[in-house]
Amino acid sequence: MNFFEHQDRARRNTRYLIFLLIAAVFSLVAITTLLFATLAYFGQEDRNETTQTVWQGIIHSINPVTFLWIASGVSIVVLLGSLFRFVQLRGGGKSVAEAMGGRLLAGNTQDADERKILNVVEEMAIASGTAVPPVYLIEEESINAFAAGYHLQDAVIGITRGCIQSLSRDELQGVIAHEFSHVFHGDMRINMRLISLLYGILVIGLIGEFLIRISGNRSVSRSNSKDNSPAALLALGVGLLVIGYTGIFFGNLIKSAVSRQREFLADASAVQFTRNPEGIAGALKKIGGSSYGSELKNEHAAEFSHMYFGQGVKSFFNLMATHPPLEERIKRIQPSWNGEFSESVYIRRKTSEANETDAAIKEELLEVVSAFDGNVVTKAVNETATQTSIDIEQTLTQIAQPTQGQIGYARARLAEIPEPLKIAARESFSARAIIFGLLLDRHAQTAQHQLALLSEHLPENEFQQLRPLISTASSQHAGLRLPLIELCLPALKQLSPDQHNGFLECMNVLISADKKISLMEWALHRIVLHNNYQVPSFDHNRNLQQLPDECGILLSTLAHAGATNPGAAQNAFARAQAELGFTIELLPKDKTRLVDLDKALDQLNRVKPLQKPQLLKAMSQCVLQDNRVTIAEAELFRAIADSLDCPVPPLVLTAG
């Protein structure tokens, strides 16, 4: 099953969740009706006490009007509760991480362990061709992690201190690969929706707890009164509490139904991702051998229990567990496992050990870079290299499934980026300078004009602080453009609304300085906007054939961009149309406006997941019209794929 099939399955599973929720609500309505009928029956003065008569009496106490009122009341409470939680979590993964007490890791952290996990997450993101997600640290000794968010653009990684300090780098890589699998396969979005849906059921129990507390207070204040309202409130509260916790029972069953098999899939994907079964298996063994295990103490831990890497909340019945047993997970990865868990020691590293840890990480990166195919690296990043070739069909099969070569490529690119730029990319203030630098023109005179315009839109002291970083970023070779952008994206998300507006204004000033917009400038601008400002759409039900005009705009732009003459553009477009399978019209080059391309991509992103490969293959025919691809073409292809929420891994280029 590939990336697009997983995305389609996630859409179908959402409908399955709604069906389960309706079944759970119907069960609550039935139980609530039965409870009220029982209370009504025993409230009667003349009743027969035989078992058959009692049961018949309870059934006869139910009438259609009462049932309708109860069904409406329960449904409205569940709906409002779900809506309330959805609004609370509208910030995406950030909302979950903060509810769990997570602290956003700063890029300039001096903690060696925090730098280690940031490096692993950055490496995985760049290898898979997606924006680097923000990382939140949870100060707990247990070994656990999670991915949260509705979409690639608002995804975050949460991880415990115990996980970072107890696991080796390979084991951390396995855990992070597991979480990235949940992101790519659509599990993360289902998990977020499940939180909101189940909270609506939980609200009934919360109302019951509230009524019990109120009745207790009223009974104390009116102990000498004949007022029976506290007893009535207590009875109602107990009834709602029972109903609410019955709902929680159903909710946990739903969690288990949708969670356990996905954990096996994510484990297998992590092995495929890293090509190292020892990594994730070692992490699972350390959970089993740790005195802290994977249990989380946060008050919200139970609500998010289906999102974690390991079982975060104790479960007394396997049926209710959101995760498969550790032994079963390990056996699936390592069938020959002897059943022994690894000893896990939680270590708080001293400051004096930080330099040794940093040195070990740098040494490992140097080994990776030296072992990586030097010819491929040179070809992939050398902007003066004329042309190179790629297997686009193979690359499309690697979406959300990067190879070991792409992981090596990501490590090599990270090792090449100057340390000052890495640090700057992780801070919102200085990350802007990197984007500004990447937008500077290669011609010195145009670049000077851009800087002069930029100085007019920034305070003098701020411009002087950013200028060295702008200069350094502008001097980096083409192969580092996308990795630098991906590194900057988490920091740019931390800008305030006013800072966001100022940043966008400065970008527009730099792009329009020469009165024209190049495709490279458009691609950079598009990636930043799509990953920071665009509200994700949940509507992915459009058919590709319903959007012929949008397909025509996209493929016409690509055909003209990669062609040296009109005949070559016509040939590239014909090949793309054949791949697409239906008739579209080639637009003249002067009619392919980038503003229209932006609108077209917004619509094409709503196409059904299983139809997107067809579009990507058509795009590839335009890029590969001469059977070769340049760095600029590869960058453009990946920028457009990013706009379609298809994280294309680095196009590791080989000699043509």
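**Helix α15 and selected residues**

Reply: Helix α15 (residues 404–416) has 13 residues, which at 1.5 Å a residue should span 18 Å, and its end C-alpha atoms are 18 Å apart, in agreement. Helices are DSSP runs of H or I, at least four residues, numbered from the N terminus; the expected span is 1.5 Å times one less than the number of residues.

Me: What should I know about the source?

Reply: This is a predicted model, where local features need pLDDT of at least 70, side-chain atom pairs count only at pLDDT 80 or more, and totals for chains, interfaces and linings use all residues. Residues are numbered from 1 along each chain as its sequence is written, and side-chain values use heavy atoms, with hydrogens and water left out.

Me: Which residues in α15 are buried?

Reply: Q406, I407, G408, Y409, A410, R411, A412, R413 and L414 are buried. Buried means under 20% relative accessible area, exposed over 50%, and partly exposed in between (1.4 Å probe, protein chains only).

Me: Now D267: buried or exposed?

Reply: D267 counts as buried because its relative accessibility is 2%. D267 lies in helix α9 (residues 229–274).

Me: What is D267 in contact with, leaving aside neighbours within four places in sequence?

Reply: D267 is in contact (heavy atoms within 4.5 Å) with H178, I280, L284, F309, R329 and I333.

Me: And where is V203 found?

Reply: V203 is found in helix α8 (residues 187–221). Not counting residues up to four places away in sequence, V203 touches V77 and G81. V203 and G81 are 122 residues apart in sequence, yet 6.0 Å apart in space, C-alpha to C-alpha.

Terms used:
Helix = DSSP H or I, 4+ residues; strand = E, 2+ residues; numbered from the N terminus.
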